[in-house]
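Have the coordinates open as you read.

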Amino acid sequence: MSDAALVRRCLAGETAAARELVERFQSDVIGLCIRLLNHRHDAEDVAQEVFLRVFRSLKKWDASRPLKPWVLGIAVNRCRTAIGKRAKGPELADYLHEAPDRRPADDSHEMAGEIRAAVDALRPDYREVFVLFHERGQAYEDIAEAIDRPVGTVKTWLHRARVEVMEQLRTKGLMPEGEVK
Amino acid sequence: MNAQLNNPISPECGPTVDRIQSVLDRVHPVSVLSADPHPVSCEACRDRVRSALQMLELFAEPVAVRPGFADSILAEVAHDRRVRFQRKAAAVFGGFAMATAIGLALWMNQPKDPSVAKQSPAPVPQQPAPAPPIRVNEEFAKATDALRESTRAVTEPAANAPRLVASLTDTLLKTPTVPVGYDLGPAGKSLADIPDAAKSGLEPVGNTAQKAFNRLLRDVTAMKPKT
């Protein structure tokens, strides 16, 4: 079913269409929230709020554009709000205590853990672009629409994010000298 | 960026690095990396390829969604719709109630008697126009005109009175043709005894007196009040 047909059915009040919309995007939304917030519980709360806003604003969606970037754009904004509230909320020590341990269970996953830690250390806007591109598989244009930035800015931020991640891996001794451009 | 400047890539590794970049950008599939022969002989490029593939594999992993997540979302959406509908209904009802109250208040404050409402308001009493300023010249002219008219009314009959008496006495003093058989002896004697003043009637207002009076009126009207 196309995005436009799905939205029409949701606006008509069909429960089955609403369920299909949630199931179609829940993995992307939760994955994005987890990667941006680094906290599973917070990510689910924010994901719930994302879908509330999606259904409230469904009438405003432009049918000429794809639905996924629009939904992920709402998710990015909600995550930014949550990060801002978190900065004013509990002390960092309490938050770190709740944060999941990202160290790999064994050496075979050392690289994966270090990559995750390096991505988590990125600045928020770089991390958004990096996660949307590499984890959510979004195109430059869709990312630009989701975060309301030009495509050139998206490419620049993505490049800088990769450079920082590789630099982190190099400092850990996991990347050779002469990093990827 | 600084790392790139501080750690330049060797010319032999350049093409492999470019392919890795294209795979990360999803321009080319991952299979192009396995087709590149350079990493076989270059340990640095082998590490680069391995890191890139691990990153792609890591981020390609689907995120596990707990069971029932969709149900909780739909329940929350339904609750949110109910709350928003109740708020809208309360706002509409409140607005309707306020409009009704205002309408009732306006209706109750209207006057009961329609005629009262239709009556025109009492006319504002107009103050009398202020009297025109008294002009002395005009007043003297009015007075002289009145006197002139009154003297005519007085003098003309007075002037006519002696002629009237004279006409009457002359007729009687003339020897009338006495009808045969009438004796006018006593009446004629009485008429002859009327004094001359009586015969002349009132003092006559001759032209001289009239002229003097007219002269008086002219002098009066010529008087100009001091301004």
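## The largest pocket

The largest pocket comes to about 400 Å³. A pocket here is an open set of points on a 1 Å grid over the protein atoms alone, where a 1.4 Å probe fits and protein lies on both sides within 12 Å along at least five of seven lines; lining residues have an atom within 4 Å of a point. Grid points are joined across faces, edges and corners, and the volume is the space filled by probe spheres set on them. There are 14 lining residues, and the closest to the centre are Phe55(A), Arg56(A), Lys59(A), Arg81(B) and Arg84(B).

The largest share, 6 residues, belongs to α6(B). Helices are DSSP runs (H or I, at least four residues), numbered from the N terminus. By class, the lining has 7 nonpolar, 1 polar and 6 charged residues; Ala, Val, Leu, Ile, Met, Phe, Trp, Tyr, Cys and Pro count as nonpolar, Asp, Glu, Lys and Arg as charged, and the others, Gly among them, as polar.

## Ground rules

This is a predicted model, where local features need pLDDT of at least 70 and side-chain atom pairs pLDDT 80 or more, while totals for chains, interfaces and linings use all residues. Residues count from 1 along each chain as written, chains are lettered from A and ligands numbered from 1 in written order, and side-chain values use heavy atoms, with hydrogens and water left out.

## Where A meets B

Chain A puts 50 residues into the contact and chain B 37, with contact meaning heavy atoms within 4.5 Å. About 4,000 Å² is buried between the chains, 61% of it from carbon and sulfur atoms; that's the accessible area (1.4 Å probe) lost on putting the two parts together, summed over both.

The interface of chain A and chain B has 4 salt bridges (a side-chain nitrogen of Lys or Arg within 4 Å of a carboxyl oxygen of Asp or Glu). Asp25(B) and Arg162(A) pair up in a salt bridge at 2.6 Å, N to O. On chain A's side, α2 (15–37), α3, α6 (110–120), α7 (124–135) and α9 (151–171) each give at least two residues, and α2(A) has the largest share with 10. That side splits into 25 nonpolar, 10 polar and 15 charged residues.

## Salt bridges overall

Over all chains, the structure holds 22 salt bridges. Asp120(A) and Arg35(A) make a salt bridge, with their closest N and O atoms 3.5 Å apart. Asp120(A) sits in helix α6 of chain A and Arg35(A) in helix α2 of chain A, so the pair ties together parts 85 residues apart in sequence.
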